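I opened my notebook for a look through this fold. Here is what I looked up, entry by entry.

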Amino acid sequence: MNASRKPLEETLPGVGRLSRLPVFLSLEGKRAVLAGGSASAAWKAELLSAAGAKVEVYALDPCEELIELAGKPPHGAITLTHRAWRAEDMKGAAVAVGAFAEDADAAAFAAAARAAGVPVNVIDKPAFCDFAFGAIVNRSPLVIGISTDGAAPVLAQAIRAKLEALLPTGFAGWAAAAARWRDAVKASGLSFSGRRRFWQLFTAHAVAHPSHEPAEQDFERFIAEVKGLGAAVENGAVTLVGAGPGDPELLTLRALRALQAADVILFDDLVSREVLDFARREARKLLVGKTGFGPSCRQEDINALMVSLARQGKRVVRLKGGDPLIFARATEEIAACRAAHITVEVVPGITAAQGAAARLALPLTGRGHARRLQYVTGHAKDGQLPGDLDWRSLADPATTTAVYMPRRTLAALVKTATAHGLDPRTPALAIARATRPDQAVVSAPIGDLPERLAQANLPGPLLVMIGCVLEGRGETSHADKRRIAVSN
């Protein structure tokens, strides 16, 4: 019998070192001092004006762009003063920006700004800057800033171009609608849970219909839908989410959205901490420890905790390695939620066999080799080899079999399967920590695999795949240094 343990709240590592703190300044109606008359100064004047600042430009010889911009600013007024800047110009300014060719001029400007308590930026001279201008994706009031700390401006611009292509321009209208409706939602009489549900509906609709111009009838429809839920809106919900076999890049978009909306995340030992990095930072993260042959939380305790948290109005994510519907006890958890009248959803994940096969560029089916793929578990509830496996199907040479969790039972499985007709020369792979940087593979005929596996002593969760499609697939690849292969 496995020892039991209690759910453990886990504190994940905090924010890593930031070369710059991303801060969005409110400049509406505030003074911004700009020294210099070059084209680069004109671009900064345009940005400051677009943010609503009253831009005061000091330049002996302003360029044509600056003159034209002052005549037609994007938002805040731009005033040109045809002289050099002075220290007294800094008084009462929110920010100061300078464009200078010489370091001595830049140093003097920066020193004057700091003496007046004004944050300063000197264009293309990071040594004199308190803040930096990054590349900008503008869907105002949705604004995204991108910084490489001056190390790679071209990379920042390339990332900006990618984000511009990914983010529909219609998001600007939805962000503006959120600003218009926020006070009305607060005054609607909805509870905290109801208001949260409103914004969930709002966000889902914005993401699904970004080109739709939000109107008052949308607001009224969302309010009516929340009120129509009645007391049910006070309940939380449970989402079973597949974390995949380890590589966080295999998470689905739905899984990401669930993690970023969660109040509480109940996760297993097999979930990689890199996956948890994508979760909402404020969410509680509870390790509920389902791991083979070690101390584990009892399933009934996990069910009770999940239901209790949802009844408190929490959005609960039950995060499982691989796919939640494949050997992950989803049946009990779904039943517990339904018995408690808690809304439950399932977000599928990449199961270990798919992830491992993809990492190895290994087809699991193939004409003339395998017409069927089957997943079987390597141990029963008591930890022993299941007594009800279909041994004829394991022996079928036209079948690819993925055996999950077979570490302790593989020798017994191979002995029984070969006794029922499985050719001991059938190619097989044992894959540990599939898709992770330290993924390791042992390749051998299935009859030899238990002994080879014992010699290799591979770490972590284990998967065994058996079938003719694996022929020649286990040799060491120089293109993938992360893989260890013991070939036959």
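Entry 1. I looked up L34 and found V57 of β3 standing opposite L34. The model is a predicted one, and I kept that in mind throughout. Strand β2 covers residues 31-35 and strand β3 covers residues 54-58; the two run parallel, and I found five bridges joining them.

Entry 2. In what order do the five strands of the open sheet come? I read the order as β4-β3-β2-β5-β6, with parallel pairing. At the edges I found β4 (78-81) and β6 (120-122); each has a single partner strand, so one side of each has no neighbour in the sheet. From one strand to the next, the twist averages 15°.

Entry 3. Next I turned to the helices. Which strands does helix α1 lie across? I found α1, residues 39-50, lying across β2, β3, β4 and β5 (95-98), and its direction makes about 175° with β2. Helix α3, residues 103-115, lies across β2, β5 and β6 and runs at about 170° to β6.

Entry 4. I finished at the surface. Which residues form the nonpolar patch there? I noted V15, L18, L21, V23 and L25, with about 520 Å² of accessible area together. Is V23 buried or exposed? Its relative accessibility is 52%, and the cut-off for exposed is over 50%, so I logged V23 as exposed.

Notes. Residues are numbered from 1 along each chain as its sequence is written. This is a predicted model: local features need pLDDT of at least 70, side-chain atom pairs count only at pLDDT 80 or more; totals for chains, interfaces and linings use all residues. Side-chain values use heavy atoms; hydrogens and water are left out. Two strands pair if DSSP finds at least two bridges between them. Helices (H or I, at least four residues) and strands (E, at least two) are DSSP runs, numbered from the N terminus. Axes are lines fitted to C-alpha atoms, for helices over the stretch in contact, and angles run from 0 to 180 degrees between N-to-C directions. Contact means heavy atoms within 4.5 Å. Patches are made of residues with over 30% relative accessible area and no salt bridge: like charges are joined within 9 Å, nonpolar side chains (Val, Leu, Ile, Met, Phe, Trp, Tyr) within 5 Å. Accessible areas come from the Shrake-Rupley method with a 1.4 Å probe; for residues, only the protein chains shown count as cover. A salt bridge is a side-chain nitrogen of Lys or Arg within 4 Å of a carboxyl oxygen of Asp or Glu. Buried means under 20% relative accessible area, exposed over 50%, partly exposed in between (1.4 Å probe, protein chains only).
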